[in-house]
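Hi,

Here is the structure I promised to pass on to you. Have a look at it first, and then read my notes below.

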Amino acid sequence: MTKFGLVFVLLLGVATVASLRQSPAADGRELPSGVLANQRLTATAGALLFVLSAAIAVTILYLPALLAAHYVVGLLLVPPLVLKLGTTGYRFARYYLRDPSYRLAGPPPPMLRLLVAPLLVASTVVVSATGIELWLFGLRFGQGWMTAHTLSAVAFILALGGHLFGHLRRSTGAVLTEFTAPTTSGAITRRSALLASLLLGVVLAAVSILYPTPFPPGAAGP
């Protein structure tokens with residue numbers, strides 16, 4: 001069992017428990033429909049990513065034995081991740097372009113908006129890009145890619161913990177509302193987008209099984 005994986009699992013668990021013990025957040029039912037739709041798609045994509053992050057945490061616990069599974073889950077994560085970055089980026093743009101609906105919804109707290117979110121986005125992009133590079137080329141282009149992957153993973157863990165603490169309660173409510181409210185054409189579109197991202201991830205995961213990565217398992221650490 002790797003120490004890095006153990007830390008990942010512990011932080012994920014602590015952030016989850018702490019966030020669920022917070023006071024319930026407003027469910028946003030008085031917000032404009034477009035804002036609510038964006039909020040629910042973001043939340044459902046986040047829920048899928050939460051499950052996949054927990055799965056990848058398990059693979060980290062037992063590297064290098066589960067290195068193949070680590071690649072499978074990592075590539076499965078990519079399309080839902082792009083979807084979530086797209087929905088959050090859309091909300092970010094609409095808010096700062098002073099769209100009245102998104103201004104009404106308001107921004108996240110300053111710490112989440114100015115520190116946690118930029119760190120989470122940057123570390124997510126770097127850890128994903130470096131992971132794909134290592135899967136494709138191994139250590140052909142030097143150890144620096146492995147170092148960047150490890151450091152960005154550490155930053156990702158810290159940022160993810162802060163993100164969960166700040167958003168999990170609200171997001172859980174949005175997901176429950178999405179799947180318990182009457183089904184509308186908008187809900188069907190959102191679920192179709194989520195399903196499409198998952199199916200695309202399955203395709204990438206299948207490719208990872210077929211591709212003989214040159215990355216040496218022993219380089220993944222004890």
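A word on element names before the findings: helices (H or I, at least four residues) and strands (E, at least two) are DSSP runs, numbered from the N terminus. This is a predicted model, in which local features need pLDDT of at least 70 and side-chain atom pairs count only at pLDDT 80 or more, while totals for chains, interfaces and linings use all residues. Residues are numbered from 1 along each chain as its sequence is written, and side-chain values use heavy atoms, with hydrogens and water left out.

Two backbone details come from loops. Pro64 lies in the loop between H2 and H3, and the peptide bond joining Leu63 to Pro64 is cis, with omega about 5°. Arg98 sits in the loop between H3 and helix H4 (100-105); although not a glycine, Arg98 has a positive phi of about 65°. Arg98 counts as exposed because its relative accessibility is 59% (exposed is over 50%, buried under 20%, partly exposed in between; 1.4 Å probe, protein chains only).

Now for the interior. A nonpolar core here is a set of buried Ala, Val, Leu, Ile, Met, Phe, Trp, Tyr and Cys residues joined through side-chain atoms within 4.5 Å. The largest has 13 residues, of which Leu52, Leu77, Leu83 and Leu194 touch the most other members. Helices H2 (33-61), H3 (67-96) and H7 (185-210) are the elements that give two or more residues to this core, and H2 gives the most, with 6 residues. A second, separate core of 9 residues includes Leu67, Tyr71, Trp135 and Phe215.

Best wishes
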